[in-house]
Amino acid sequence: MKKSVISAALAALAIGVAFAAPAKAADVSACLITKTDTNPFFVKMKEGATAKAKELGVTLKSYAGKIDGDSESQVAAIESCIASGAKGILITASDTKGIVSSVKKARDAGLLVIALDTPLEPADAADATFATDNLLAGKLIGEWANKTLGAKAKDAKIGFLDLTPSQPSVDVLRDQGFMIGFGIDPKDPNKIGDETDPRIVGHDVTNGNEEGGRKAMENLLQKDSSINVIHTINEPAAVGAYQALKAVGLEKQVLIVSVDGGCPGVKSVKEGVIGATSQQYPLMMAALGVEAIKKFADTGEKPKPTEGKSFFDTGVSLVTDKPVSGLKSIDTKEGTAKCWG
């Protein structure tokens with residue numbers, strides 16, 4: 001009788017081990033938290049993370065805000081990731097300052113937190129940042145706009161279509177970069193709107209979408225209908241701005257520049273809606289992020305930044321069919337081959 005009980009127990013244990021082994025192999029889980037799940041940039045980011053997670057056997061859970069700027073949903077997602085036992089979080093923060101306390105809670109719980117595209121404030125609130133050099137992205141389109149205008153740049157009327165009132169770091173970096181590239185003193189490099197250059201008509205926010213871009217453009221036109229340069233936080237906002245300009249017959253008056261490099265955006269450059277855009281690579285950001293979480297789970301090693309920078313630089317290219325002297329760029333044919341969305 002005793003032998004029978006022992007045999008049964010050993011059999012049960014063996015079954016338990018048989019099921020435990022594959023569970024352990026698939027035990028690494030990660031979370032991707034984006035600003036929205038509709039912007040093509042974040043759709044591609046999710047695609048890259050999902051493909052890499054499948055390749056590495058990582059369980060990936062994805063979360064997103066309802067709109068760009070929805071930080072509450074991102075805070076709730078972090079809580080869910082901690083509770084689920086995830087090994088790491090990849091996040092594009094809507095509120096780069098406000099999310100820091102939640103990120104600290106995740107790190108204190110032993111999770112690796114990587115900021116994607118948008119550095120936290122302070123940047124070292126995350127374990128690492130995988131991103132475009134957003135300051136450089138802004139500089140490229142700012143310098144292109146300046147060189148394209150030539151002598152007229154000194155009398156330019158410039159409008160900025162920004163992201164949200166909270167001024168996330170990605171927004172600030174692109175704005176300040178554009179100003180530096182164009183030849184404008186940005187004043188406080190960590191703040192939007194304190195500039196005194198008379199060429200700046202004003203700033204408005206778009207929430208990173210077409211409707212927001214259209215409304216923001218309409219608002220700026222009410223301030224000064226002679227605007228001839230528009231910097232936009234991203235390409236959906238740029239398309240909205242173009243629609244507003246076209247509605248009042250001013251689309252040929254204004255030079256629009258942007259950042260993203262999604263396929264629709266590159267198409268807009270080809271069609272002349274956008275003069276130039278800085279192309280970034282979200283799929284690479286997310287895929288590398290998943291790899292880093294898997295490595296951290298396996299070895300405890302955290303990712304290191306690109307040499308000479310405080311973050312891991314995933315690259316940026318200026319895309320335009322109207323190149324200017326002294327500024328490296330790629331045309332829309334090459335941009336299309338590298339685009340996403």
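This is a predicted model: local features need pLDDT of at least 70, side-chain atom pairs count only at pLDDT 80 or more; totals for chains, interfaces and linings use all residues.

Mentor: Residues are numbered from 1 along each chain as its sequence is written, and side-chain values use heavy atoms, with hydrogens and water left out.

Trainee: At what angle do the axes of α5 and α6 cross?

Mentor: Helices (H or I, at least four residues) and strands (E, at least two) are DSSP runs, numbered from the N terminus. Axes are lines fitted to C-alpha atoms, for helices over the stretch in contact, and angles run from 0 to 180 degrees between N-to-C directions. The axes of α5 (residues 134-149) and α6 (residues 169-182) come within 6 Å, and they cross at roughly 35 degrees.

Trainee: Which residues of α6 does α5 meet?

Mentor: Contact means heavy atoms within 4.5 Å. From α5, the residues involved include L135, I141 and L149. Their counterparts in α6 include V170, L173, F178 and F182.

Trainee: In what order do the 6 strands of the open sheet lie?

Mentor: Two strands pair if DSSP finds at least two bridges between them. The edge strands, each pairing on one side only, are β7 (200-205) and β12 (317-319). With mixed pairing, the order is β7-β6-β8-β9-β10-β12.

Trainee: What is the bridge partner of L161 in β8?

Mentor: Strands β6 (residues 158-162) and β8 (residues 229-232) run parallel and are joined by 4 bridges. In β8, the partner of L161 is T232.
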